[in-house]
Amino acid sequence: MLMTAAECRERFGGAYRVQKAIREGVLFRIESGVYADKSECTEIELLLFKYPRAVVTMESAYYYYDLSDAIPERHALAIDRDARKISDSRVVQYFVPHGTIDIGVTEMKLADETVSRIYDRERLLVETIRYKTKLSYDLYREVIGSFRAIASELYTARMCDYLEAFPRRDALLRTIESEVL
């Protein structure tokens with residue numbers, strides 16, 4: 001379990017006892033201001049702890065949903081357009097319109113049993129079409145082909161509900177209908 005420095009001081013009863021727990025191997029310093037009760041944690045777990053309002057999206061989500069076999073070099077996180085920019089070299093940011101960050105968010109257990117906030121497949125398809133020009137052609141074709149293969153499993157009514165919150169919804173819907181459904 002990841003904790004902030006303040007949470008550690010509260011749990012262990014002060015800064016001295018936190019340092020003692022670190023020396024004894026009961027607590028581990030992961031990076032500045034982040035501590036854990038285990039010696040290692042995954043990067044995605046750390047990033048989602050540091051940025052709790054962020055949502056796993058795009059390249060990272062494609063990999064977790066098996067829509068692409070390309071392992072992403074950096075973690076793709078969606079953040080609200082009005083939020084402060086994440087200045088971390090391990091992160092690629094996608095800014096979403098104000099008020100749409102939580103639309104389609106679900107929780108998913110990743111391979112290491114980390115529960116993460118991630119967009120469901122329907123919202124991920126909407127995001128793929130919205131950011132079509134930011135993706136490489138090969139990745140876009142691979143992902144669209146994967147979505148086409150699972151088209152019967154997608155909830156189109158849910159996707160249409162999601163589209164209502166976005167600008168250019170008619171153009172997005174036409175693209176989804178012509179390329180996937």
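Okay, so H5 goes past H7 with a right-handed crossing, meaning the near helix is turned clockwise from the far one by less than a right angle. Before I go on, this is a predicted model, where local features need pLDDT of at least 70, side-chain atom pairs count only at pLDDT 80 or more, and totals for chains, interfaces and linings use all residues. Numbering runs from 1 along each chain as its sequence is written, and side-chain values use heavy atoms, with hydrogens and water left out.

Back to the helices, which are DSSP runs of H or I with at least four residues, while strands are E runs of at least two, numbered from the N terminus. Helix H5 covers residues 121-130 and helix H7 covers residues 156-163; their axes come within 9 Å and cross at roughly 50°. That makes the pair oblique, since angles under 35 degrees are roughly parallel, over 145 roughly antiparallel, 65 to 115 roughly perpendicular and the rest oblique.

Who touches whom? From H5 we have Glu-122, Arg-123, Leu-125 and Val-126, and from H7 Arg-158, Met-159, Tyr-162 and Leu-163, with contact meaning heavy atoms within 4.5 Å. By class, that's five nonpolar, three charged and no polar residues.

Now the backbone. Met-58 isn't a glycine, yet its phi is positive, about 45°. Met-58 sits in helix H4, residues 58-64, and at 0% relative accessibility it's buried, with buried being under 20%, exposed over 50% and partly exposed in between. Asp-66, also not a glycine, has a positive phi near 60°. Asp-66 is in the loop between H4 and strand E5 (75-80), and at 66% relative accessibility it counts as exposed.

Terms used:
Axes are lines fitted to C-alpha atoms, for helices over the stretch in contact, and angles run from 0 to 180 degrees between N-to-C directions. Ala, Val, Leu, Ile, Met, Phe, Trp, Tyr, Cys and Pro count as nonpolar, Asp, Glu, Lys and Arg as charged, and the others, Gly among them, as polar. Buried means under 20% relative accessible area, exposed over 50%, partly exposed in between (1.4 Å probe, protein chains only).
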